[in-house]
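Here are a few friendly notes to read alongside the model.

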Amino acid sequence: ASRCASLPVGLPRGLGPAIGPPVRHPPGLQRACASRAIAAPVPPRLQPDGSPAREDPLVQKLRGAIQSLELQDQEDAPGGDAQDESLPVEPLEAVAASLLRSGPDSTMGQLKALVDSLQRSILLDHNRSQEMASQMVGHFSVCKSDASWAGFKNTYDTKLPLHAECRAAERQLNITYTACANEKAALCGVKEAECNAFEEEKNKPNDPTGECAVNAMPREAWLGHIAQRFAGLNATFQLKKKKCEDAKGPCNYKVCDLSGLQSKRQECNTLLGDVQAAACSWATAKKVSCNNFDGCWKSATETYANLKATHESEQKQRKLSWRITERLKCLIAADGKTDKNAEIEKCTIAPKPDTSHLNITFPNLPPNPGCQDPVLFPCNGPYLAAIKVSGMDLPDCNTCPMPSPPGPPGPPVPLGDSFAAGGAFHLIDTQGYKVWGNCGGAGVEPAKCPDHPGRILTPTLLQSVMTGSFPADDPPAKVFTTRYGNFWLSQSGKVWSTGTTGIWNEPGAGKGEYLPTELFPSFFANKPPVIKFAGNEDNNIMVFVLKDGSVYWAGSLLGGWVTTPEKVLMPPAVDVKSSASRHIAVLTRAGEVWGIARDRAPWKIEGLPAGDPAKLVVHMQSHAWARTQSGRWYSWGFNEWGQLGRDTGGQIGSAAGLVTTLPSDEKPVQVAGGDRATFVLTESGKILSVGVNSHGRLGDGTTTHRRTWTYVKNLPADDPVVWAGAFEYQSFARTKSGKFFSWGYGQGKGVGDGTRQDRHLPVLIPEVAFPAV
């Protein structure tokens, strides 16, 4: 009866005071509640003294029919319409006929109003179901073999012709320079020959004896001979000197511009590097997409079949309800007829009412487009042919190794360390460190964003788009991010960052650069490794937990700037958590939870039970939960939408209190949350959600806020969830087989499906493949 309270008579089924799409109740519950409503207008009569009167036999019969209807609801099984209708229709029809013959007008009026209300709700439910069925093929849209590489291909297609144009200009400059250089070489060759001849002439020894030898010539003749000889020698000397001097000018003053050629060549080499990087990223992303495409398509096909079966089952129930109400309407219509009994008899033998208007039209399964593995990538034949420029020698090509298809699952990355959300979303799956969302938050230069200005819309290997690279011998082991920067903890316990990393003033400690930068390397050089770290939403506080339990902080604290980490005066810690919040929660070794904020000293959270230490703390922006050693959950913080899981009258729970509102048949094993919402993963592998449902982040297919727990829908029934995550208005789930689902606010950073659309139900993200657990 309490469950029927949400199905008020006279209103369309499922519509209550909340604004938004109606709640969808199980068909059995819907009909059972309808039968209770039918019974309601026929209350037991009372004697004048207030004691119960003997119940009218017709009323007793009606109650018996209602009990039969409820019994049928409990025992519904798949089968034909006749099987579903066999129990409820005849008894209810007979009783309604009896009421019509002898019942008061007020009862019939209420029954007519009820039937009209039920038919309106059936049509409303049908229309909603048809709308949802029409969107069933949307599950295939996430299986995009081109989703993650379209941006890289666009860069390749854009830069390749620019490279060819650049090389053509380089070639022309090279031709001009070569012609100039050849001409200069020829001129300088002439200069060298003439000047060598002059040098040879200049270096001849003087030989007066030979040149002025006395002979039998008369003196006058001898003097004439000597004069003639020296005039010839001098003329030869002067001629060779002049030729040398004349050859120097053309050689020395012939200038060939090599700098222009070198500048153009550097420009072309840079373009070629961009082409090669885009081709490699394109091929790598395409190969990853193709590796995941088949599994995604299979999963979408299974989801389609499951949803179709569900809608067909609900369609069958709606048709049954419609036939019942149509027969009741026939009987009610007989009330005003002259020969009431004859009209009633016609109704009892009338053909089965037509319900074809309640048929659901299902979209056809889309054809499988398949996925073609990349055929062009550095440095294979098609790539070398594409970049070839006639007459030009290009730099050596750097090979691009292709990712292999997913192999057997390796050791799983700890669930809590493999995902983080902030200005962008970060995760470590079987293929490596991936990101999507705001490029700045992902640590990626905007010029390298592959999908949309300032955005990466599908999970992409950070290594393929980042500036620089991870340390080869110390890769990321845990990820963490804030609204304005992202960080990772390396295997050796060093903290690295990219993107806008806040106000850290130590040289090299991150100043909005895109190169991976180690935070505070000199400070942590001689200290135990960092095992946990967290930051607040504005990225102006960072808290580090070291292996020895000591806690350090840096940033804007207590009215000043702490530019080098300082030790925090608090008990030894084992964990620290934050989620786009001004506050940070620290879990101590003793099982206490402490709070850290920029404007006050660390404080201990009160209300946790003595003798039952906390073993896990989850920070969710404006509230927090903690699990104790006994397995009980406690919560504190804001509670205006029931996100604490306990009744505080909507007031702030400043001290921790026991969580009490979860369904008794569900055991919580993990908790996540964002802005005024909480998600609880249960032992059965399902996710419960409560709170603000902006952008559909609760995953129930609506945007209706919930103060009571609802189940996240559209997750595979045969693949239980093993981890749930949330950030602000986005939500996530990871299944036992390693599949990753995302939903909620898509208009900003996207949910990871290649679009910027909100998703009110979980969608599979095929680019992510976690190990099975």
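1. Let us begin with one bond. About the S-S bond of Cys180 and Cys256 the torsion is about -90°, so this disulfide (a pair of cysteine sulfur atoms within 2.5 Å) is left-handed. Their sulfur atoms sit 1.9 Å apart. The pair links distant parts of the chain, 76 residues apart: Cys180 is in helix α7 (residues 150–202), and Cys256 is in the loop between α9 (219–253) and α10 (258–333). Helices here are DSSP runs of H or I with at least four residues, numbered from the N terminus.

2. A word on the source: this is a predicted model, in which local features need pLDDT of at least 70 and side-chain atom pairs count only at pLDDT 80 or more, while totals for chains, interfaces and linings use all residues. Residues are numbered from 1 along each chain as its sequence is written, and side-chain values use heavy atoms, with hydrogens and water left out.

3. Are Cys180 and Cys256 buried or exposed? Cys180 is buried at 13% relative accessible area, and Cys256 is buried at 17%. Buried means under 20% relative accessible area, exposed over 50%, and partly exposed in between (1.4 Å probe, protein chains only).

4. Cys188 and Cys251 are also joined by a disulfide, S to S 1.8 Å. Its torsion is about 90°, so the bond is right-handed. Cys188 lies in helix α7 and Cys251 in helix α9, so parts 63 residues apart in sequence are tied together. Cys251 is buried, with 5% relative accessible area.

5. Finally, Cys195 and Cys244 form a disulfide with an S to S distance of 1.9 Å. The torsion is about 95°, so this one is right-handed.

Note on methods: Helix = DSSP H or I, 4+ residues; strand = E, 2+ residues; numbered from the N terminus.
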